[in-house]
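Visitor: I have a two-part model to look through and would like a careful walk around it. Could you take me through the strands and then the place where the chains meet?

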Amino acid sequence: MKIVVCAKQTFDTEAVIALTADGQVNATGITLIIDPYSEFAVEQAIQMKEKDGGEVIVLTIGNAGAQSAIRHALAMGADSGVLVDDPAIAGGDSLATALILAKALEKLNPDIILGGFKSSDIAGAQVLPRVSSILNLPNVNVATHLEWADGKAQVTRELDDGVEIIEVALPAIIGAQQGLAEPRYPSVKGIMQSKKKPINTWTLADIGVDAGAVGAGAAKTKVVQYTLKEARKGGRIIEGEVPDVTKEVVQLTRTEAKVI
Amino acid sequence: MYQFNEEEQMILSMVDDICTDIIMPRAQEIDIQDEFPWDIHQVLAEQGIFSLCFAEEYGGAGVGLHCWLKMMEKIAAVSCAVSMMIANVSLGSAPVVLFGNEEQKQKVLPELASGEAQIAFGLTEPNAGSDIGGITTTAVKKGDKYVINGNKVFITSGSVSKYFSIFAKVIGEDGSRKLSCFLAEKDMPGLVIGRNEEKMGLHGSVTTQLFFENLEVPESAIIGQIGDGYKIVFQSLNKGRLNNGAQATGLVQAALKDATIYAKGRVQFGNPISEFQAIQFMIADMEIGLQTCHLMLDNAATLFEQKSPDLMKYASATKVVCSDMANKATADAVQIFGGYGYCKEYPVERYFRDSKIFPIFEGSNQIQRGIIAKAVYKEYNE
């Protein structure tokens with residue numbers, strides 16, 4: 001089985017996010033990692049390969065720096081990587097991302113496509129459903145378990161109050177939720193082997209995407225502003241005799257906290 | 001400073017992850033139980049940590065010493081006891097790596113690299129610690145075998161090892177006594193594993209007595225040549241001392257981090273104690289020490305890779321500086337934590353106990369200074 005994992009590179013989940021003077025997300029000094037949701041998908045793909053054979057290809061959009069996310073997946077056990085890198089991509093939105101992935105996937109012609117159902121940074125959860133529209137393939141997201149056989153997949157999907165199990169014909173696009181597969185730590189051996197595994201770089205021309213169809217000019221959405229969450233304020237201890245303190249607390253819940 | 005390549009960075013990032021996710025949550029328990037943590041050993045083996053010590057032709061990863069030492073430092077910063085089992089594979093195997101023949105290397109190193117087997121370095125005796133010349137374990141040739149008698153103490157990982165690099169004096173027919181090194185195996189009759197010591201620190205790293213009661217080893221067990229003993233000891237310990245330096249540096253790092261976080265949160269006289277100069281000076285001294293340790297380790301590791309004839313002086317100096325710094329930094333960390341630092345609730349108490357061995361083992365710091373002085377004397381004649 002040929003498995004393609006759409007993987008994204010993102011900020012280290014422990015990084016402290018700050019904004020630059022002109023209101024953009026400050027990427028300076030931030031460690032970039034493979035997105036945790038992509039990593040669940042990579043692990044699932046490797047487990048499928050280990051069980052039934054086949055190959056795992058990691059597909060990423062980004063500049064040369066994004067190779068490290070692919071390398072991480074290769075060190076875990078994926079076989080090869082494809083990086084779509086083109087200056088025209090900059091400034092695009094999820095529509096463009098989906099179009100690029102769809103065209104690259106057409107070229108790779110996989111039996112199954114995995115990815116994170118959302119990313120840990122933007123969390124738009126837009127890309128895989130859009131890819132499925134473009135390719136006219138079934139898509140199941142928020143997947144926490146996957147069984148596959150005879151050209152079909154049974155996907156367990158997390159709902160607010162339980163799970164549903166959906167059957168789809170392959171090829172299909174499965175979006176991983178936490179719990180689908182617990183990512184392994186790459187071993188030293190895997191890391192050393194990863195440097196011998198190929199990462200192919202494709203331009204938009206290589207996959208037949210018109211530069212005008214992606215990038216800032218083609219974006220249907222525009223980020224107007226980023227604002228950081230207000231920092232949590234420290235608690236306040238009100239000291240004194242219990243009856244007095246109680247009165248004051250009740251008072252403050254009305255006047256200050258305004259919850260009553 | 002050495003720049004880690006992409007693979008080494010990936011390896012060190014993986015080490016960070018297993019330190020945070022797996023070793024750190026077990027560290028206190030390992031200290032309290034004082035039993036060899038086989039679960040952690042298995043994780044390290046699966047991740048290929050032991051392979052970092054060896055060349056590719058023997059199942060190793062073929063990375064340089066800098067990466068090995070940085071890995072050790074990271075692990076020692078979360079559990080010094082766990083770092084001991086790793087450091088010990090390096091020291092125990094050093095005689096084979098440096099002086100062993102191809103057959104010995106093929107037999108032992110792949111098993112060590114995979115973590116399937118461990119190896120102990122059998123040098124110290126009850127009456128021969130600093131004074132290696134005082135070793136009384138003997139080996140006598142009998143047919144095509146050597147018969148070894150004597151006993152060893154303070155042998156790290158002695159009770160969990162499959163292989164042993166044992167130092168003994170070969171008694172010649174002319175009465176000569178030549179210090180030599182033998183590769184012994186656990187199952188050989190006459191090799192008796194004694195009890196594990198109860199130590200002040202490094203709980204979970206086992207420290208064992210060994211007894212040789214007519215232990216017969218084949219001639220093929222000789223590492224190097226008969227009489228190579230001193231050479232093997234000193235060259236092996238050059239590597240061992242860098243391992244110790246890296247471990248001690250890990251303790252400095254841990255002490256600095258914990259003390260800083262605590263000092264910023266602990267309020268006295270209406271202010272976080274981190275605002276007080278008395279605390280700032282201790283924290284600053286830890287940072288100065290940490291930078292010093294890193295530079296000395298980096299330099300000594302480079303000299304090791306270059307096979308520099310000056311290595312010994314630098315390895316000894318590195319061991320002295322890092323181990324003294326670990327003692328000071330962990331003591332200061334306990335001081336900053338005050339009464340809480342004296343209790344087991346916080347890990348600084350463990351760091352303090354673990355640090356005390358570093359100026360003692362693998363050549364006390366007094367012996368190191370003697371080595372350094374002798375090297376200096378050689379440089380300035382007349």
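Predicted model: local features only at pLDDT ≥ 70, side-chain atom pairs only at ≥ 80, totals over all residues.

Visitor: Okay, and which residue stands opposite Lys152(A)?

Guide: That is Ala149(A), which faces Lys152(A) of strand 8 in chain A.

Visitor: What's the order of the strands in the sheet?

Guide: The sheet in chain A is open and has nine strands, arranged in the order 9-8-7-10-6-1-4-5-11 with mixed pairing. Its edge strands are strand 9 (162–169) and strand 11 (199–202) of chain A, each of which pairs on one side only. From one strand to the next, the twist averages 30°.

Visitor: And which strands does helix 1 of chain A touch?

Guide: Helix 1 (residues 36–52) of chain A packs on the sheet, where it touches strand 1 (2–6), strand 4 (55–61), strand 6 (112–116), strand 7 and strand 10 (173–176) of chain A. The direction of helix 1 makes about 145° with that of strand 6 of chain A.

Visitor: What about helix 2 of chain A, where does that lie?

Guide: Helix 2 (residues 67–76) of chain A lies across strand 4, strand 5 (80–84) and strand 11 of chain A, and runs at about 165° to strand 5 of chain A.

Visitor: Switching to the interface, how many residues are in contact?

Guide: On the chain B side 17 residues are in contact with eleven residues of chain A. The area buried between chain B and chain A is about 1100 Å², and carbon and sulfur atoms give 67% of that area.

Visitor: Which residues of chain B lose the most area?

Guide: Those are Glu7(B), Met10(B) and Gln47(B), which together account for 45% of what the chain B side buries against chain A.

Visitor: How many salt bridges are there between the chains, and how many residue pairs in polar contact?

Guide: The count between chain B and chain A is two salt bridges, and one of them joins Arg71(A) to Glu6(B), with the closest N and O atoms 3.0 Å apart. Across the interface of chain B and chain A, six residue pairs are found in polar contact.

Visitor: Which helices of chain B supply that side?

Guide: Helix 1 (6–33) and helix 2 (38–47) of chain B each supply at least two residues of the side that touches chain A, and the largest share, nine residues, comes from helix 1 of chain B. By type, the residues on that side of chain B divide into nine nonpolar, three polar and five charged.

Notes:
Residues numbered from 1 in each chain as written. Chains lettered and ligands numbered in written order. Heavy atoms only, no water. Pairing = 2+ DSSP bridges. Helix = DSSP H or I, 4+ residues; strand = E, 2+ residues; numbered from the N terminus. Axes fitted to C-alpha atoms, helices over the stretch in contact; angles between N-to-C directions. Contact = heavy atoms within 4.5 Å. Buried area = accessible area lost by both parts, 1.4 Å probe. Salt bridge = Lys/Arg side-chain N within 4 Å of Asp/Glu carboxyl O. Polar contact = N/O pair within 3.5 Å; in protein donor to acceptor, adjacent residues only side chain to side chain. Nonpolar A, V, L, I, M, F, W, Y, C, P; charged D, E, K, R; others polar.
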